[in-house]
Amino acid sequence: SSFHLVCHFFSMAVKSYFKLITLSYILCRRPACAENKSTILYRNEKAIARVRPRKKPVKHWNFRKRRRERKKFRARLVKRGKISYNNWKTKRRIAASPCRAPSQGRETAQTARLEEGERNMDHQILIDAEVSAPQGLEDGLRRVITAALAAEGVETAVILPLYESVKQRYGAELQYLCYDYVDLAWRHSYCGLFALERQGVTWYFLDNEQYFRRPGLYGYPDDGERFGFFSRAVVKMLDHLKFWPDVIHCNDWQTALIPIYLKDDGVRDERYRSIRTVLSIHNIEYQGRYSRETLGDLFGLDAGWAEDGTILMDGDVNLLKGAILCADAVNAVSPTYAEELKNAAFAHGLDSILRSCGHKLRGILNGIDTVRYDPAADRGIAANFDLDHMAGKAEDKRQLRRLFGLPEAENTPVIGMVTRLVS
């Protein structure tokens, strides 16, 4: 009858309703299957909600908790005046750096020097000396600068390649510290670190016989790779020095990659952002120009450095241009030369770059070591003299004329000039 038919459909609807409620409850409480833990969407009375499976409890070390404890420990040390924030972070990373010392005793001694206490000096400066003419540690300009800074209480160091001429002259005095490996593009090369102490200044030498064991200093077809390795090694070996520098002083195109590498590494490591760089230009004619293909394959830099025009000029890689733009200060060898570099007749194509960077361009006139070259005590001249006793000067002039075979004319002046001769 129709009554029984209506009752049948009503019972079917009730059963379907309870089945739907049960299925919705199951879908809301857990994923559809054990293997599929993806996000499940279900519809409720108000909106569509996103349900994710509950995460399992982490059984390994809680890194967030470890970071919080480390920050609290650092804050306590800073509050007690034991350390500063930057010095704590630097010391921790240096002590854990993979410095490969020749013996465990020397490695322990080096770590002890790093941890023996914080430096009282406000400015720690590392000078990357001019690599184009490292004839000796007594080279005039480097000796004057480093000695003057050391006398002012500034902790100073100099980094040079370990050329064959340096090894022959000072090999017995060099102290081997450690070694590490330097990555330059696809190359993975050895780099040894040697040190020498002179008059309160630490001289560091970076060793790689493939690049630096040669009779000459430069003028080889692979100079770009040689000094690219040296620049990358300077940045790499900062972890192994006895202090973290505040300022790095670079000279000419041979070290022009150092400010660039510091900017590049500073994106990934905040330690390098605290270092300021100074670039000294001695002769702007030598700019370190190479084809664009060398950017990644030779120097290990991303193509973005060329695309934004930082290191690219006239279609070529120009290392000096990149250093001028990346350095915090640019120095010329005299105020006159600094003004000439803004002129197209003297700047060899970089005049527009130097004019745009005029706010950080300065000219500092080269000085003289008045202690070493004092004629009253100089043992390198035939006769000593001073303002009150000038007789020795005439004797020195006679000896100089005889040495060079010049005519002995008392009233003829002798003029000397120190410069470089290039082809």
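## Strand 7 and its partners

In this predicted model, strand 6 (residues 187-198) and strand 7 run antiparallel and are joined by 7 bridges.

Strand 7 (residues 201-207) is mostly covered, with 7 of its 7 residues buried. Val201, Trp203, Phe205 and Asp207 point one way from the strand, while Thr202, Tyr204 and Leu206 point the other way; all are buried.

## Positive phi in two loops

Most residues other than glycine have a negative phi. Alanine 185, which is not a glycine, has a positive phi of about 55°. Alanine 185 lies in the loop between strand 5 (175-184) and strand 6. Its relative accessible area is 34%, so alanine 185 is partly exposed.

Aspartate 252 is another residue other than glycine with a positive phi, in this case near 60°. Aspartate 252 is placed in the loop between strand 8 (247-251) and helix 9. Aspartate 252 counts as buried because its relative accessibility is 6%, where the cut-off for buried is under 20%.

## Helix 9 against helix 12

Helix 9 (residues 257-266) and helix 12 (residues 319-326) have axes that come within 7 Å and cross at roughly 55°. Helix 9 is therefore oblique to helix 12. The crossing of the two helices is left-handed.

On the helix 9 side, the contact is made by Leu257, Pro259, Ile260 and Lys263. Helix 12 contributes Leu319, Gly322, Ala323 and Cys326. By class, the residues of this contact divide into 6 nonpolar, 1 polar and 1 charged.

## Serine 334

Serine 334 is found in the loop between strand 13 (329-332) and helix 13 (335-340). Serine 334 counts as buried because its relative accessibility is 14%. Apart from neighbours within four places in sequence, serine 334 is in contact with Gly363, Ile364 and Leu365.

Notes. Residues numbered from 1 in each chain as written. Predicted model: local features only at pLDDT ≥ 70, side-chain atom pairs only at ≥ 80, totals over all residues. Heavy atoms only, no water. Helix = DSSP H or I, 4+ residues; strand = E, 2+ residues; numbered from the N terminus. Buried < 20%, exposed > 50% of the residue type's maximum accessible area, 1.4 Å probe, protein only. Contact = heavy atoms within 4.5 Å. Axes fitted to C-alpha atoms, helices over the stretch in contact; angles between N-to-C directions. Parallel < 35°, antiparallel > 145°, perpendicular 65-115°, else oblique. Left-handed = near helix turned anticlockwise from the far one by under 90°. Nonpolar A, V, L, I, M, F, W, Y, C, P; charged D, E, K, R; others polar. Pairing = 2+ DSSP bridges.
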